[in-house]
Amino acid sequence: MPKKPIKKTTVKKNTVKKVATKKVVDEDINVTPMSHECACGKDCKCGCHTGCGGKFLRFIKWLLIIVIFFILGFATAKIIDERGYDARAPRVDFEDGCLVVESVRCPRMAEKLPLMDVNQDGCISKEEFNMFRQDCPRARRAINEVKREVREEIREARQEASEQLREASEALAE
């Protein structure tokens, strides 16, 4: 048997080209000192990094500020309370022992003025006014009763008017 010639394959080797890298050295680089959290530089004078209790002193400072605000608020509340100021109470004026109707700014209270005059003398005294404020649930019941009566009267008047219209329309139809 004849021998066949065998072809040899050649393997190419990848050649790596080395590129010369140029080292650049800048001698003009300015080196600045690093700053810390307070941004005031390495030699800061604010005392935030001193060893003599910087954080503790800041804590004491804020604690004192909070305590001062608390004391001022407490004193203000005491002064207002001593004067008898009640934010929920309506502001009205009394002249010669009687309520000045023009001083009533609340429309709901203005509606209740006739109910406040218990003895029906045309003058609402401080006692009647305070009694009405304290006995407000009873007054609300009285107001609701008056409203119910007015609604019933209006309903009856509407029914009478509708009956009269019906009679009139029947009379015209005949």
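Three nonpolar, one polar and five charged residues make up the lining of the largest pocket; here Ala, Val, Leu, Ile, Met, Phe, Trp, Tyr, Cys and Pro count as nonpolar, Asp, Glu, Lys and Arg as charged, and the others, Gly among them, as polar. The model is predicted, with local features needing pLDDT of at least 70 and side-chain atom pairs 80 or more, while totals for chains, interfaces and linings use all residues. Residues are numbered from 1 along each chain as its sequence is written, and side-chain values use heavy atoms, without hydrogens and water.

Select Arg108, Glu111, Lys112, Leu115, Arg140, Ile143, Asn144, Val146 and Lys147 to show the lining of the largest pocket. A pocket is an open set of points on a 1 Å grid over the protein atoms alone, with protein on both sides within 12 Å along at least five of seven lines, and lining residues have an atom within 4 Å of a point. The pocket holds about 220 Å³ of space. Colour α4 (136–173) next: α4 gives the most to this lining, five residues.

Now go to Phe70 and Phe74, both in helix α1 (residues 54–82) and four residues apart. Their ring centres are 6.4 Å apart and their planes at 20°, so the pair is stacked (centres within 6.5 Å; planes under 30 degrees apart stacked, over 60 edge-to-face, the rest tilted). Phe70 is exposed, at 61% relative accessible area (buried under 20%, exposed over 50%, partly exposed in between, 1.4 Å probe, protein chains only).

Last, select Phe94 and Phe129, an edge-to-face pair at 5.8 Å and 75°. Phe129 is buried at 3%, whereas Phe94 is partly exposed at 25%.

Methods:
Rings of Phe, Tyr and Trp (its six-membered ring) pair if their centres lie within 6.5 Å; planes under 30 degrees apart count as stacked, over 60 as edge-to-face and the rest as tilted. Helices (H or I, at least four residues) and strands (E, at least two) are DSSP runs, numbered from the N terminus. On a 1 Å grid over the protein atoms alone, a cavity is a set of points where a 1.4 Å probe fits but cannot get out, and a pocket is an open set with protein on both sides within 12 Å along at least five of seven lines; lining residues have an atom within 4 Å of a point. Grid points are joined across faces, edges and corners, and a volume is the space filled by probe spheres set on the points.
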